Amino acid sequence: MNNTIIIFSDEAGQYYKYPSIKNISSDPFYVRSGVYISTEDYINFQNNIDELKTNFNIPNNQEIKWSDIYAIQKGRYRNDFLKKYSDKNIMDYILMYLNCASKFNSIKFLFTITKNKIQNSANKDHMTFMHLQNIYQRAQLDAQSNNKDFYLIIIDDISEDALNDLRKKCSDLLHNGDMFIKYSNVNQSLLVEKSEQSAGIQLADYSAGIFNSVAKRYILEQKNYDYANSLYLSYIAPHIRNYNKKVLGFGIIKITNRIEIENLDKLLSKTTLHL
């Protein structure tokens, strides 16, 4: 059967080439999500999310972001329509959003993660590309089990200059391949959607934010992020990409593979228990 799979991708945290101690404290990690869903399932998922937004009185041209939870807790509102919602309303909505997604058989998650340190080796644009390259690699490897499958990668909108540079790098990669992969089953142009208009990008935003939070909880041993942890264990970990329950390199990918991330094994173990 010929399947078309969409991978929606968004980022959480910030990456700095030369971060300050304050930067590292506020953003210890830069992560990117990859959310797989078949086009057949996505048709139904979009319809379900339209109904969910109607139930919560969220305008069709607006969105709830993961960061809105913490902003509202501090009395900050990204948009006027959010002023009628409490943080509890937002948390209930995101929980129901993830619950809806988890019911589709094709849903699968992967995450790339970089740990900020005093001096990083790459600038932000190249780091973004490396994260996407690893998502493209996994898509092509997944496609090789069925040469008729086709993958589309869609990211959240970014600045025009950054997007033009990223598109060129991705196009070169997908046409020429790299030392590991020849890309025959992946769309050769990077696709972009505005998050407020895309149910898939919103799901990628939530999953990236959740993963960034549980990374802090397990890797940095911070005893908070209970809400994110509950969502991760209930709705994301059971659907994380793996090979015979091996997660590292399959569903959780270090960028670059050579870096050491202390205590990552704690997050990996917890994830494996919920597969």
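**Notebook: cysteines, rings and pockets**

I looked up Cys 170 and found it buried, because its relative accessibility is 0%. Buried means under 20% relative accessible area, exposed over 50%, and partly exposed in between, with a 1.4 Å probe and protein chains only.

The model is predicted, so I note its limits: local features need pLDDT of at least 70, side-chain atom pairs count only at pLDDT 80 or more, and totals for chains, interfaces and linings use all residues. Residues are numbered from 1 along each chain as its sequence is written, and side-chain values use heavy atoms, with hydrogens and water left out.

I then searched for disulfides (pairs of cysteine sulfur atoms within 2.5 Å) and found zero.

**Rings.** I counted 16 aromatic pairs. The rings of Phe, Tyr and Trp (its six-membered ring) pair if their centres lie within 6.5 Å; planes under 30 degrees apart count as stacked, over 60 as edge-to-face and the rest as tilted. I looked up Phe 8 and Tyr 42: their ring centres are 5.0 Å apart and their planes stand at 40°, so this pair is tilted. Phe 8 belongs to strand 1 (residues 4–9) and Tyr 42 to helix 2 (residues 39–55), so the pair ties together parts 34 residues apart in sequence. Helices (H or I, at least four residues) and strands (E, at least two) are DSSP runs, numbered from the N terminus. Phe 8 is buried at 2% relative accessible area, and Tyr 42 is buried at 8%. Ring pairs link both into a cluster whose members include Phe 45, Phe 56 and Tyr 206.

I also looked for charges over rings (NZ of Lys or CZ of Arg within 6 Å of the ring centre and within 35 degrees of the ring normal). The charged end of Lys 108 sits over the ring of Tyr 36, 4.5 Å from its centre. The charged end of Arg 217 sits over the ring of Tyr 218, at 5.9 Å from the centre.

**Largest pocket.** A pocket is an open set of points on a 1 Å grid over the protein atoms alone, where a 1.4 Å probe fits, with protein on both sides within 12 Å along at least five of seven lines; lining residues have an atom within 4 Å of a point. Its volume is the space filled by probe spheres set on the points, which are joined across faces, edges and corners. I read about 410 Å³ for the largest pocket. Of its 18 lining residues, the closest to the centre are Trp 66, Ser 67, Tyr 70, Asn 212 and Lys 216. Helix 7 gives the largest share of this lining, five residues.
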